[in-house]
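Please open the model in a viewer and keep the selection panel at hand.

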Amino acid sequence: MEHLSDQAAIPNLNANWVNAKGAWAIHFVLIVALKIFFSIIPGMKPDTSWILTNITYMFGSYLMFHWVRGIPFEFNAGAYDNLNMWEQMDNGDQFTPTKKFLLSVPICLFLASTHYTHYDLTYFTINVLALLGVIVPKLPMSHRLRVRFLSGPPDDRYLDER
């Protein structure tokens, strides 16, 4: 209970920026920049540039929102140390407008990438695995769930009563 009151006492600057103006637009800017970057590589086919754009965005999204725990600031006495950014956003509430947007971006990128790779089975398999790797951690069933072999064990004092 003390941990929850610590989180409510001080605003979380690490996760509040996702609700700011322009925060949603950066995702489209990154996707377009990645597509342009991969398209200008000599000898790169459009199919390959789409798959690389998709995988790079999905990997970066997973790393930023689901892999890294805690915050880079020392002003909150460790109130968010065991939470990743997805769990910190919107005070942990599910299906807020920001979280719906961040859930829809990988799905739309998957659909575009699948279309522009002409529904090739190999590319589709890679795309769907990348999509699942980013979507499953965003679902409510994955809230505060850690895959033990990929990340350290959670600190018991931060686990909520279920």
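Display the surface of the chain, bearing in mind that the model is predicted. The accessible surface amounts to about 9,700 Å², and 69% of that area belongs to carbon and sulfur atoms. Of the 162 residues, 41% count as buried.

The chain contains 7 helices and 0 strands, and from the N terminus on its elements run α-α-α-α-α-α-α. If contacts are drawn between residues at least 6 apart in sequence, 65% of them join residues at least 24 apart.

**First stop: H3 and H4**

Select residues 25-39, which form helix H3, together with residues 46-67, which form helix H4. The two helices pack with their axes 9 Å apart, at an angle of about 140°. That angle makes H3 oblique to H4, and the crossing of the pair is right-handed.

Show the side chains where the helices meet. On H3, select His 27, Ile 31, Leu 34, Lys 35, Phe 38 and Ser 39. On H4, the contact is made by Pro 46, Ser 49, Trp 50, Leu 52, Thr 53, Thr 56, Tyr 57 and Phe 65. Colouring the contact of H3 with H4 by class gives 8 nonpolar, 5 polar and 1 charged residues.

**Second stop: H6 and H7**

Next, select helix H6 (residues 97-116) and helix H7 (residues 121-135). How do their axes cross, and within what distance do they come? The axes cross at roughly 180° and come within 10 Å. Angles over 145 degrees count as roughly antiparallel, and H6 and H7 are therefore roughly antiparallel to each other.

The contact on the H6 side consists of Leu 103, Pro 106, Ile 107, Phe 110, Ser 113 and Thr 114. Facing these residues in the contact are Phe 124, Asn 127, Val 128, Leu 131, Val 134 and Ile 135 of H7. By class, the contact of H6 with H7 has 9 nonpolar and 3 polar residues, and no charged ones.

**Last stop: the loop between H6 and H7**

Finally, select His 118, which lies in the loop between H6 and H7. Most residues other than glycine have a negative phi. The phi of His 118, however, is positive, near 60°. His 118 is exposed, with a relative accessible area of 61%.

Although Tyr 119 is not a glycine, its phi is positive, at about 55°. Is Tyr 119 buried or exposed? At 57% relative accessibility, Tyr 119 counts as exposed, because the cut-off for that class is over 50%.

Conventions
Residues numbered from 1 in each chain as written. Predicted model: local features only at pLDDT ≥ 70, side-chain atom pairs only at ≥ 80, totals over all residues. Heavy atoms only, no water. Axes fitted to C-alpha atoms, helices over the stretch in contact; angles between N-to-C directions. Helix = DSSP H or I, 4+ residues; strand = E, 2+ residues; numbered from the N terminus. Parallel < 35°, antiparallel > 145°, perpendicular 65-115°, else oblique. Left-handed = near helix turned anticlockwise from the far one by under 90°. Contact = heavy atoms within 4.5 Å. Nonpolar A, V, L, I, M, F, W, Y, C, P; charged D, E, K, R; others polar. Buried < 20%, exposed > 50% of the residue type's maximum accessible area, 1.4 Å probe, protein only. Areas by Shrake-Rupley, 256 points an atom, 1.4 Å probe, with all protein chains shown as cover.
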